[in-house]
Amino acid sequence: MRIGVLTGGGDCPGLNAVIRAVVRKGVGVYGHEFVGFCDGWRGPLEGETVPLDIQAVRGILPRGGTILGSSRTNPLKIEGGVEKIKGNLAEAGVDALIAIGGEDTLGVAKRLFDQGVKVVGVPKTIDNDLNATDYTFGFDTAVNIAVEAIDRLHTTAESHHRALICEVMGRHAGWIALHAGMAGGANVILIPEKPFDIDRVCAYVESRFQTRYAPIIVVAEGAHPIEGQMTLQAGELDAFGHVRLGGIGEMLAKEIEKRTGKEARTTVLGHIQRGGTPTAFDRVLATRFGLQAIDAVHDGEFGVMVALRGTDIVRAGLGEATKELKTVPVGRYEEAEVFFG
Ligand code: F6P
């Protein structure tokens, strides 16, 4: 078989580990051939490919980013996009496709599968918000990067008696904020799933200042106050209709200063959370996903995404994986709330 591989959406530590595992097992065990598509769905849409063989995947296991490149190109928004992709796959002699991506990339994969393309998905996102899998690779790395930053913020916050805010990624789901905040001993954690009360946040800040510690507030970029409390800025939209976020940390700092009279500053971790080398956990998870993805292709089982359930890798329908986002349940947030203030 000749199999195409692509990586779409925001990049994520562990993408290269998946590509390596797919190719190593696909060539070494099954004798398949591979072709890499450049920059997510842009590759199959425009017919841009790169060679993908054992040589191309040597040495990439610990490397961040993706050797195939990525983009947020949405072929469903382009007239005749699906037909173009089908034509280019046929022209490249591709029998099946492995799409490594998050909700958007796998949503496109599902639509292509419905129209006859043989596709298997691999769940990727630092946000950990994909349904049908317990964890996505990249999440553990992002959390560890954020925890290291929070540990460092604690000591400087205490020296200067400041409230320090750490803004992390998480557009619709607060998984990174929840895990990093819990592991980093945050004073309060704010997530998109639960609109926050600014008066309560300020009360937590004041109470932390009563101790010898300084408050660290971990806020997900998609968190927002209860209606009417603060006005948020709106940014540009991308091809999947997502607004460009960022700015909640700064706004919080201003409000906290205004309401408590204490100095407050913000650190936005941004793309640092997505860059660089994956943790050992993510390397192993990404490798196991890659091995199982090529198995699914070899077995002729398409329209599925490989998924982690407990410690097993299983196959879930792409429909189930993309029908809704996996957000933080109320009970998980309540566990963290015990430590607020
Ligand atoms: O999709 C993952 C993510 O990390 C989101 O949390 C974030 O909003 C988005 O990527 C930002 O990505 P970019 O700046 O590449 O558009």
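Residues are numbered from 1 along each chain as its sequence is written, and side-chain values use heavy atoms, with hydrogens and water left out. Because the model is predicted, local features need pLDDT of at least 70 and side-chain atom pairs count only at pLDDT 80 or more, while totals for chains, interfaces and linings use all residues.

**View 1. The two domains of the chain.** Domain 1 takes in 2–137 + 278–322 and domain 2 takes in 141–275, with bounds that come from an automatic or database domain assignment. The C-alpha centres of the two domains are 33 Å apart.

**View 2. The interface of domain 1 and domain 2.** Contact, meaning heavy atoms within 4.5 Å, joins 18 residues of domain 1 to 17 residues of domain 2. R274 forms a salt bridge with D11, and their closest N and O atoms are 3.0 Å apart.

**View 3. The cysteines C166 and C202.** A disulfide is a pair of cysteine sulfur atoms within 2.5 Å, and a search of the whole structure finds zero of them. C166 is in no disulfide, as the nearest cysteine sulfur, that of C202, is 18 Å away. C166 counts as buried at 0% relative accessibility, and C202 is also buried, with a relative accessible area of 7%; buried means under 20% relative accessible area, exposed over 50%, and partly exposed in between (1.4 Å probe, protein chains only).

Terms used:
A salt bridge is a side-chain nitrogen of Lys or Arg within 4 Å of a carboxyl oxygen of Asp or Glu.
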